[in-house]
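User: I'm new to this one. Can you walk me through it?
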Amino acid sequence: MNELNQLAVTDEMMLDEREQIIDQLMREYSDDILHLVYTYVKNRTIAEDLAQEIFIKCFEKLNQFNQQSTIKTWLYRIASNHCKDYLKSWHYRKIMLNNKIFDHIPSKLKQVEEEVIKHSEENSLTNAVMNLPIKYREVVFLHYYEELSLKEISKITSVNINTLKTRLKRAKELLKDKMIEEV
Amino acid sequence: MNDPLKNLKSSMEKSIFKDFSFSNERKNAVRETIRTNQQAQFHIETIIAILESVQYESKDGYNISVQLFQKDERTFQKNEGQLYTLLHLLENKEILTSNWLNNKKYYSLNSKGKKYLATYKKDTDKQGLSLNPFITEASL
């Protein structure tokens, strides 16, 4: 019976207050979150859908936020995990199978996603970063685009700082190779 | 040698993130979902009434709403959409199952739903029993 009761029970936390917090989060971080999501999924519409789900999730989980980290870090963490869940999901693995395959083929053979192609002449750096494997792309993006410290990134991704440093170094090597290749 | 990644932000802003921001429509969609979720808190009697309405035969949403109306369950009056939200929720919780027939979705109880209903009835029966003596006493 418990489950049914849970459905029926009213949440005691101030709903207005929670709504205001989400509003504020959207005002301050929605573009950053959207761009973060895009770097994981490389598709604008899916990125928008996921970003929307992320803010709804935050609203639902708001009473689980313990003041141990900043709310920004918490929001990013939810976003990052939500994207990774999506990439693991049935939908993504079956429907977006092609993308998955090209993620695993060494970079030289990689086809580039439509949207990226459009801008490829304009910008090879962006392109090269977007084609990095996820674990490198993630840290590069959070550090250089979102301008977060390694400490914050460590909290968001639950990856040790030293591992992050190694990944950044490795990412730069990969990028350098790629850029040289292109020239 | 300076860090080529220093240019990443402007490079991305000019390319893949150009004209790409979280629109007001999207923000409103979030607000709307939040608000609907807030309203989506139902009384246990409402849920039971739905379960009862489909316990002997499967019914589509419209027939469920008619039955609820007959039972004087007015939660969804002028707010029929909410009924479908709740049906969907119960389906997700695997309390109801559904199948499509002639473009209509028919809901019925599955084993978990039957169990819930039985437990609920048993509990209220007990309460009913324990209350009965007092009622009879009072009416004497």
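Analyst: One definition to start: two strands pair if DSSP finds at least two bridges between them. Also, this is a predicted model.

User: Which order do the strands of the open sheet in chain B have?
Analyst: The order is S1-S3-S2. The sheet has 3 strands, and the pairing is antiparallel.

User: Which are the edge strands?
Analyst: S1 (59–60) and S2 of chain B. Each pairs on one side only.

User: How many bridges join S1(B) to S3 of chain B?
Analyst: There are 2 bridges, and S3 covers residues 104–109. Asp60(B) has Tyr106(B) as its bridge partner in S3(B).

User: New topic. What about phi at Lys42(A)?
Analyst: Lys42(A) has a positive phi of about 55°, though it is not a glycine. Most residues other than glycine have a negative phi.

User: Where is Lys42(A) found?
Analyst: In chain A, in the loop between helix H2 (15–41) and helix H3 (44–61).

User: Is Lys42(A) buried or exposed?
Analyst: Buried, because 21 other C-beta atoms lie within 10 Å and the cut-off for buried is 20 or more.

User: And Glu94(B), buried or exposed?
Analyst: Glu94(B) counts as exposed, because it has 12 C-beta neighbours inside 10 Å. Its phi is positive too, about 60°. Glu94(B) sits in the loop between helix H5 (80–92) and strand S2 (96–101) of chain B.

User: Now H10 of chain A. Which residues are buried there?
Analyst: Ile153(A), Ile156(A) and Thr157(A). They cover an arc of only 80° around the axis, so they are on the same side of H10(A).

User: What comes just after H10(A)?
Analyst: Ser158(A), with a positive phi of about 55°.

Terms used:
Residues are numbered from 1 along each chain as its sequence is written. Chains are lettered from A and ligands numbered from 1 in the order in which they are written. This is a predicted model: local features need pLDDT of at least 70, side-chain atom pairs count only at pLDDT 80 or more; totals for chains, interfaces and linings use all residues. Helices (H or I, at least four residues) and strands (E, at least two) are DSSP runs, numbered from the N terminus. The arc is that of the directions from the helix axis to the C-beta atoms.
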